[in-house]
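Thanks, everyone. Today I would like to walk through how the chains of this assembly meet, taking one interface after the other.

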Amino acid sequence: MVSLGGVLAQLLEIVLALLLAPLLSGWVNQWRAWLQGRQAPGLLQPFRVLHKLFVKESVVAESASPLFRLAPYAIFGCMALACAIAPTLATDLPLGPAADAIALVGLFALARVFISLAAMDIGTAFGTLGARREMMIGFLAEPALLMVLFAASLISRSTSLARIVEALAGQDFAIHPSLAVAGVAFTMVSLAENARVPVDNPSTHLELTMIHEALILEYSGRHLALIEWAASLKLFAYSSIGLALFVPWGIAAGAAPLAILLAIPVLVAKLAVGGMLLALIETINAKMRLFRVPEFLATAFLLAVIALLVHVLLGA
Amino acid sequence: MNAHALLGQSINLCAVTLLVLAFAMIAQRRILTLIHLFTLQGLALVVATVLVAHLTGDHHLYFSAAITLVLKVVLIPILLHRVIDRLHVRWDVETLFNIPTTMLIGIVLVVFAFQLADPIASLSASIARGTLGIALACVLLSFLMMIVRAKAVPQVIGFLSMENGLFFAATAATSGMPMIVELGIAFDVLVGILILGVFMFQIREQFDSLDIRHLERLKDD
Amino acid sequence: MLPLDWILLILAAWLLIGLAGVAALRNTSFVARVLFPLGAAGALAVAAAALAALFAGPQTTILPIGLPGLPFHLRLDALAAFFLLVIGVATAGISIFAAGYFRQGEGTPPGLMCLEYHVFVASMCLVVLADDAYAFMVMWETMALSSFFLVTANHRVEAIRRAGFLYLLVAHIGAIAILLCFGVLQANTGDYSFANMRAQQLSPLWSSAAFLLAIFGFGAKAGILPLHVWLPEAHPAAPSPVSALMSGVMLKTAIYALMRVAFDLLPLPLWWWGVVLLGLGLATALFGVVFSAVQTDMKRLLAYSSIENIGLLFVGIGLGLLFKAHDMGALSALALTAALYHVISHAFFKSLLFLATGSVLHATGERSLGKLGGLIRRMPWVAWLSLIGVLASAGLPPFSGFVAEWLLLQSFLFTTGLPSSFLNMLIPLVAAAVALVAALAGYVMVKFYGVIFLGQPREPKLGEAHPASPLERLGLLWLAAGCVLLGLVPVPLIELIDRVTRVLTQDGIAATVSAHGWLLLSPTSLERASYSPLVFLLAVLAVVYLTMLVVHRFYHGQLRTAPPWDCGYPAQTARMQDSAEGFGQPIRQIFGPVFRLERQLPTPFDPRPVYRVKVEDHFWHWLYRPLASLTDRLARAFAVLQQGRIAIYLLFSFVTLILTLLVARW
């Protein structure tokens, strides 16, 4: 059942995700800088930052429990698995059947709970504040993401991500209005989940607004490096899911080596365009007040529900 | 690849765009963005009408598309822009009643509309009959928007958007109304907006605000 | 000996244990160290016998107790066996914990508690076994009464007495509805055995009436909206093992009874029954989770979370009914499998969490979340084991809660073929709401765990908190192991549940599930959906291990401890952490209209600023208060009759007698 080619494709996918994820973050940052008329850091800047952090020693608060030190690894593991499940290069992945779209959402939730618990562990004002805000975003974003994935599952009659990609890319080209609505919702959710501008700004430490940064305030050294890496993996995983749902062409249908190798440049090209669009969205939008965030996410949630309703009405 | 089927799906896409824009209008606070959304909605309507015309071969639908383009994508938005400039409300932001709740009501309306349109749609032989429910939902949503808005300009936009929904329903279900009716409606809308524009200035003169809650004071006590 | 005989034997043994407890009324150590472990062994034996019964066919027996000519009919079929299994495994863990938990204290003497406890457990078993309305009602009332005495164990506290009264009141109102329901079901034949009820062909009108009465009656026990008010009062009032038993196990008897009536006793369901259950379940689930997010008392938080879970169970049952009404056996089986899986999973994690609060309560004497914190350092066992319960309760993979949620969502996704377009549109909406509830449950659990176990101790006395005793740990360990095991290897349990769904819907999903091996869970086909928790866990663990290895190999493992950084804030105290109110603030804000808020905000000039927020339930204010005052007024009106003279009272009786005779004459 599990072919050697599949295993190799799976490994290639994980390694590629680990390498491409920081590059994607660097690419988005570059474009953000360019669009804002600043001089951009190099593409490899995230790797330099990671290396620097790994070299430094970790400083841990005196009151930290083992949970605090375990959390970065757990979050990193969750995100790596998420990247492994999402079909980026091939659809015949050995890990694919282990987790479908619903389990993928559960995986993100697991990582979120861990990072929130770790933030509460030290017992500082900022940590608990960050945890509360993160969970607030999570409880609205999670069902919205699930509904987006459901819209795609209803079309392909499967919750397996690989089957969804095969169904969407394999059949005759067709316009699915429900998927279009779901796409809007998905974009909104991804912005919130990846701490992007209308919802959160990862480049400030302002107590009124920060969410993601408040969570990881107490981390340093290798722990921080792992969390940062996990954050870029999350962005990568979301991009992969978005590409798989809305631009599914170019992913190898089987485990043929040539097709997989061909899929790499296609993936990189799609990610490059996606990253540019993300930077554009971040540039032309202003950050919302925190009170507006639930509204924003509720809109995304309801849009995803409308996508499901439209699917029921139109059958597409 | 079947071009005919693809065009049919594009009509559905336009319909869904109309619906999403109707929702976006409900959730939008800025008056300026509202006008942009309304223009976009008009554009989606034009595209949908052209597609239906192409698919059914009904030539008079091209004319209605052209009228819509001129009226709803060009003329009325320009008028609205001038109105908000003259009234100095271009950057106004409305405080709205709990948006998620309004949108939840909207979802209920959508289900209701879809449900209502289901038996009618199965009677119709038109190409885009599935979209009748969406058109109906757009009408109801615009109505909802008119109910929850407190200021005059968004209410007018809600009214216009409702007309969009009606127009789309006519196109979708019956391949358009007779030409004369359509011209009449187009003219009505134009006159309507002019009159409403005049009213807005009058309200403004009278109360120094466009908040229509002031009209409540006009009743006999 | 057949499983049923074994079970009856153990029930008798439980009674003996209880009587032994009464004999050694105040000998705490004997009761706790000897009797409760014995009871736990009995519970395990019940579970084992139930397991055997799942594989055997249905058995019946008649117990010659009760009124002459009205013996107890008992029947052990797959449905009863499954619920006995749930009762057995959960009670085993709770009893072991209780052995370490009960100590000398106020209130009911331990020996009496022991009797009440074991009568309570035995009556739950007999409720499940009953095969006629008479036995059922007697056991149902025994269950209610014994649990009432357990709830009011600490009866010197006024609030606990009131909670107990409320509990008893709602339980009895529910019991009336159940009695009426059975009355309708026997269709004027005068034979109250379930076998007779099954044979009756009721008209849609009467079967609907019976169904609605069943919802009311069993819903009152389960805590369904708007009959939930007793639950957040009574469950926290009881000692923690009793709370665990009530939340984790007793609520399930109501679920059992609803399934029994709706799928077994009633003829083919009508489609709208399912919709009613879906609606009620969703409302209850949303209500429960939103309220549990704003609680400040850890046991109340868990009680509201139980309301939420009961709501989800109702959703699953409703979906099963809906499918059964449309003759979709396989889908109905899938939805019911999800519900039954949740039944056992909830029994494990909710008992675990309630017991953990018991340990915390013993260690600190504090129930209010605002005065706890940082206990992971003082009580690591309890903290880490309840982390498992918390993750399972939040519906996160790879723990037990997620499997149930996954199955439930799957059954929503397969629902495209319903004949009515209205239902087809309803289903996505319900799925969305279920997803929202599941996500909110995550919020609640992070609050629960983070505020109790993480952070700084909010009170100085928490520094003296002592870790839980070994027996308590053992009980927690057993329940946590259940959460993990059910999460990791769902297939064997689904094969067991299959035997239940075959009784209820004549269909099951085990054949397709087993076809893919025990590693992979796939309810219909691999093409449609699959989930393999073990692979999932191993993959995450492998990545975690490899990263640790690589990081330590290529870089270093150096670590330095320092005071917390906190953005360089100089002065910090434990009081600056989020309180329970603070953590619930976003929920209060977003779901504002759901609550009845009473808030006292300090002004900037207050020398001693006080902040107080009180969250109340609209139902209490709009439904129960008016009802209570109406009853009060009616009672006052009848008080006119109270004259104080015996002659007048005799006159009343005399007139009544005359009137009755007249009526009888006609």
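Before the strands come up, one definition is needed: two strands are said to pair if DSSP finds at least two bridges between them. Please also keep in mind throughout that what you are looking at is a predicted model.

With that in hand, let me begin where chain C meets chain A. Strand β1 of chain A, residues 58–61, pairs with β3(C) in the parallel sense, over 4 bridges, and if you look for the partner of Ser58(A) in β3(C), you will find Leu559(C). A salt bridge also joins Arg560(C) to Glu57(A), with 2.8 Å between the closest N and O atoms.

Stepping back to the whole of this interface, 74 residues of chain C are in contact with 77 residues of chain A, and the two chains bury about 6900 Å² between them, with 73% of that area on carbon and sulfur atoms. The count of salt bridges between chain C and chain A is 3, while 29 residue pairs are in polar contact, both residues being at pLDDT 80 or more.

Which elements of chain C give two or more residues to the side that touches chain A? They are α14 (375–378), α15 (380–393), α16 (400–413), α17 (421–453), α21 (533–554), β3 (559–562) and α22 (580–590) of chain C. The most comes from α17(C), which gives 16 residues, and by class the residues on this side of chain C divide into 49 nonpolar, 19 polar and 6 charged.

The mean pLDDT of chain B is 79, with 80% of its residues reaching 70 or more; within that chain, confidence is highest in helix α2, residues 31–56, at a mean of 88, and lowest in helix α7, residues 179–207, at 70.

As for how chain B meets chain C, the contact takes 5 residues from chain B and 4 residues from chain C, and about 460 Å² is buried between the two, 68% of it on carbon and sulfur atoms. On the chain C side, the residues that lose the most area to chain B are Ser421(C), Met425(C) and Leu429(C), which together account for 75% of what that side buries. The count of salt bridges between chain C and chain B is 0, and 1 residue pair is in polar contact, again with both residues at pLDDT 80 or more. By class, this side of chain C has 3 nonpolar residues, 1 polar residue and no charged residues.

Note on methods. Residues are numbered from 1 along each chain as its sequence is written. Chains are lettered from A and ligands numbered from 1 in the order in which they are written. This is a predicted model: local features need pLDDT of at least 70, side-chain atom pairs count only at pLDDT 80 or more; totals for chains, interfaces and linings use all residues. Side-chain values use heavy atoms; hydrogens and water are left out. Contact means heavy atoms within 4.5 Å. Buried area is the accessible area (1.4 Å probe) that two parts lose on being put together, summed over both. A salt bridge is a side-chain nitrogen of Lys or Arg within 4 Å of a carboxyl oxygen of Asp or Glu. A polar contact is a pair of N or O atoms within 3.5 Å; within protein, one must be able to donate a hydrogen and the other to accept it, and residues adjacent in sequence count only if both atoms are side-chain atoms. Ala, Val, Leu, Ile, Met, Phe, Trp, Tyr, Cys and Pro count as nonpolar, Asp, Glu, Lys and Arg as charged, and the others, Gly among them, as polar. pLDDT is the predictor's confidence in each residue, from 0 to 100.
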